[in-house]
Amino acid sequence: MVAPDVTTVVTMSLPEQFEVWAPFAHDVRLLVDDAEHPMSPDPTRSGWWVLAPEIAAPRDGQRYAYRLFDGTDWTKALPDPRTRRQPDGVHGASAIVDSDFPWTDDAWRGRHLRGQVIYELHVGTFTAEGTFEAAAGKLDYLLDLGINSIELMPVQPFGGERNWGYDGVDWFAVQESYGGPRGLKKLVDAAHNRGIAVILDVVYNHFGPDGNYNGMFGPYTTAGSTDWGDVVNLSGPASDEVRAYILDAVRQWLDEFHLDGLRLDAVHAYDDRRAYSIMEEIRRVSDSVAGQTGIPRTIIGETDQNDPRIVNDESVGGYGLSAQWLDDVHHCIHTLVSGERHAYYVDFGTVDILADTLRHAYRFRNTFSEFRRRTHGRPLDLSQIGPWRMITYTTTHDQTGNRAAGDRPSQSLTAAQQLLKAAVVLCSPFTPMLFMGEEYGARTPFPFFCSHTDEELNRLTREGRFTEFARLGWNPEDVADPADPATFYSAKLSWEFDRDQDEIFEAYQALIGLREQYDFALDDLRELEVDNSDAWLTMGYKDVFLAANFTDAPVTVPHGGTLVYSFGDPTVTAEETVLEPWGFALVER
């Protein structure tokens, strides 16, 4: 178990020996080089099994697996829970990986979160090829757009070759069809050489259902369940080793793979009741790697709890993460522009609510939520938390894919409406994130998809999606079948732009450039000046403000100056700004 105050980072080229934590097993055998070798309990580490020292050390590319005896029967050959590579998929043998790599990013000094413009992408659908190599071929495009950080949806191995990534089971490995561990390193190296940081989305709240053999080795999970699988054992007996399993994976990604940060999926689903939160420990590992390398690392938590502990410092009882995803701004602008008010959107939908959220970051601050039917949230201390530590967006993989048809906002909104939302996000004091394709108004959907190797799992996933969407009021006929290959292929981005899409891209490009020019990333949210009516809102800084119209009729905003940028044709005088329907204007005072 890595102690909470860990300060060392160790990277080895090859493992020194075969070893496995298997406290449930009565006996363990290693299958390697067409032979089967008995393993022995390690006298110094409870639950660990090792080989006799005369067995040759592991070598690069070597396939291996384990068989476990439960007191009655031997299991089939099982992959290593700490496997670094699964060349034949999640059910096949594991492979030894040499961690050496010819890095060329020595000049990379990292990128602090403040000032980042993040681009979330799914490797499998970002390009036609669906590989790290193909994604690297788009880095110059992203740089031209103004992106300086990419966030990869999870790349840990999953059943089959089509998945969002949140069904990963091998937390140290990389999906082979994407390019495996070496392919990921090549992408990171190429990004760093273009000045682009790389953040990886990781899932430590559940294991996927296909290929998860860890429970046969030891208590990786415990009683209870999340919405996606069994609860990970962060607090129960033997949880020290499970936490070490997570922390060692974190160290691997940040150190060996040179990743600039991690996005922790659904941290509110952690069953963590210990005095030291696993989030604190993850952040300490991150700090250790940053201290050793001199390159900043970013740890982002995803949560809808409006809980300041995520980003608060340890000295005031927080976990000290670098940032958190903030759905609240998305919900505000989505409801205003689309008119949707179902499910959790019922708590949003007015310009007053948007203005209040911009002033305080959290929508709920120990206030009542109609959707939850209870009081929710707690205020942030705005004097201590820079607003750039909140990640905001017009859409994400969740907000698109967790719709019945996986339809994007750009499939139903006008260009003016799309860019109004983009202007609010990109001109806000929060750190903006784009979801792949939104920058040109992509018309391809992004529905949930999977390719479990067990057809029964596909059936259960399909029925679960239908039931959940029906509960939320969606038409079942609109729900895409996640296991149908056509659902996956429909999500592939099209890189042939028409004239309208070129104009949207150029507008995004301009807004990102203006964000850098005017440095909207405030250190104190109380410096933001917000004014509004029922129809319009202004969001202002010392020398510039954004005026936005959230109606389908022209409005007159009683603030004026000199027009800097607009997608439309507003009238701006010294005293006022007249905006077209769904229009916006960036105005110098």
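**Exercise 1.** Which side chain meets Glu-340 in a salt bridge, and what is the N to O distance?

*Solution.* This model is predicted. Next, apply the cut-off: a side-chain nitrogen of Lys or Arg must lie within 4 Å of a carboxyl oxygen of Asp or Glu. The partner is Arg-403, at 2.7 Å from N to O. Now place both residues. Glu-340 sits in the loop between α8 (327-338) and α9 (351-360), and Arg-403 in the loop between α10 (397-401) and α11 (415-426), so the pair ties together parts 63 residues apart in sequence. Finally, check burial. Arg-403 has a relative accessible area of 10%, so this residue is buried.

**Exercise 2.** Are Arg-263 and Asp-265 buried or exposed, and which network links them?

*Solution.* First, the contact: Arg-263 and Asp-265 form a salt bridge, and their closest N and O atoms are 2.9 Å apart. Second, the accessibility: Arg-263 is at 0%, so Arg-263 is buried. Asp-265 is at 7%, so Asp-265 is buried too. Third, the network: salt bridges link Asp-201, Arg-263, Asp-265 and Glu-302.

**Exercise 3.** How many salt bridges does the rule give?

*Solution.* Apply the 4 Å cut-off. The count is 37 salt bridges.

Technical notes
Residues numbered from 1 in each chain as written. Predicted model: local features only at pLDDT ≥ 70, side-chain atom pairs only at ≥ 80, totals over all residues. Heavy atoms only, no water. Buried < 20%, exposed > 50% of the residue type's maximum accessible area, 1.4 Å probe, protein only. Helix = DSSP H or I, 4+ residues; strand = E, 2+ residues; numbered from the N terminus.
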